[in-house]
Amino acid sequence: MTNLPAAFEEIEHTADVSLRIRGCDLSDLLRHAAEGMAGLLVTDPAAIPVTQMERFDLAAYDAESLLVNWLSELAYWAESEGVVFCQFDLFNVTPTRLQAVARGGNVASLNKYIKAVTYHNLNIIETAEGLENNGGV
């Protein structure tokens, strides 16, 4: 068994917070990004009551835009509805399209408020292990 790097990690950023996300493919990277966001929003994503399911069908210009759109949708649900998703099934993923089912529930409070998901330094690159965003988000 190989020693793979972490699926996501918080990295220093001048404004607020940034995530470096890894995945063996784009679907994996997008799922890890959603899990990383959940980890920023609440202390223990595994403790979120799974009482709600939402379907997402997103389109974008490229993989970076798709990542921003996906995380923006999840941030919207957290901010406006108090719902944090912690389980993600992604399918029909291409660099310009994502279909997903997300499950989660209402949380009493958020650890962080994600004001916006940005393109700042966002670039998805290919590595020996798969894909990685080398900044941004």
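This is a predicted model: local features need pLDDT of at least 70, side-chain atom pairs count only at pLDDT 80 or more; totals for chains, interfaces and linings use all residues.
**Entry 1: elements**

I counted two helices and seven strands in the chain; helices (H or I, at least four residues) and strands (E, at least two) are DSSP runs, numbered from the N terminus. Reading from the N terminus, I get the order β-β-α-β-α-β-β-β-β. Residues are numbered from 1 along each chain as its sequence is written, and side-chain values use heavy atoms, with hydrogens and water left out.

**Entry 2: the chain overall**

I looked up burial next (buried is under 20% relative accessible area, exposed over 50%, partly exposed in between, with a 1.4 Å probe and protein chains only). Of the 137 residues in the chain, 46% are buried. The chain exposes about 7400 Å², and carbon and sulfur atoms supply 48% of that; the areas come from the Shrake-Rupley method with a 1.4 Å probe, and for residues only the protein chains shown count as cover.

**Entry 3: strand E5**

Then I turned to E5, residues 97–106. Seven of its 10 residues are buried, so the strand is largely enclosed by the rest of the structure. Which strands pair with E5? Strand E3 (residues 52–59) does, antiparallel, over eight bridges, and strand E4 (residues 83–94) does too, antiparallel, through nine bridges. For pairing, DSSP has to find at least two bridges between two strands. I noted two partners: Phe-56 bridges to Ala-100 in E5, and Thr-94 stands opposite Arg-97 in E5. E4 and E5 make a hairpin with two residues between them.

Asn-92 sits in strand E4. I found a positive phi of about 50 degrees there, although Asn-92 is not a glycine. Most residues other than glycine have a negative phi.

**Entry 4: aromatic rings**

I found four aromatic pairs in the structure; rings of Phe, Tyr and Trp (its six-membered ring) pair if their centres lie within 6.5 Å, with planes under 30 degrees apart stacked, over 60 edge-to-face and the rest tilted. Phe-56 and Phe-85 have ring centres 5.9 Å apart and planes at 90 degrees, so I logged them as edge-to-face. Phe-56 is in strand E3 and Phe-85 in strand E4, so the pair ties together parts 29 residues apart in sequence. Both Phe-56 and Phe-85 are buried.

Trp-70 and Phe-88 are also edge-to-face, because their centres are 5.9 Å apart and their planes at 80 degrees. Trp-70 and Phe-88 are both buried. Finally, I wrote down one aromatic cluster, formed by Phe-56, Trp-70, Trp-77, Phe-85 and Phe-88.
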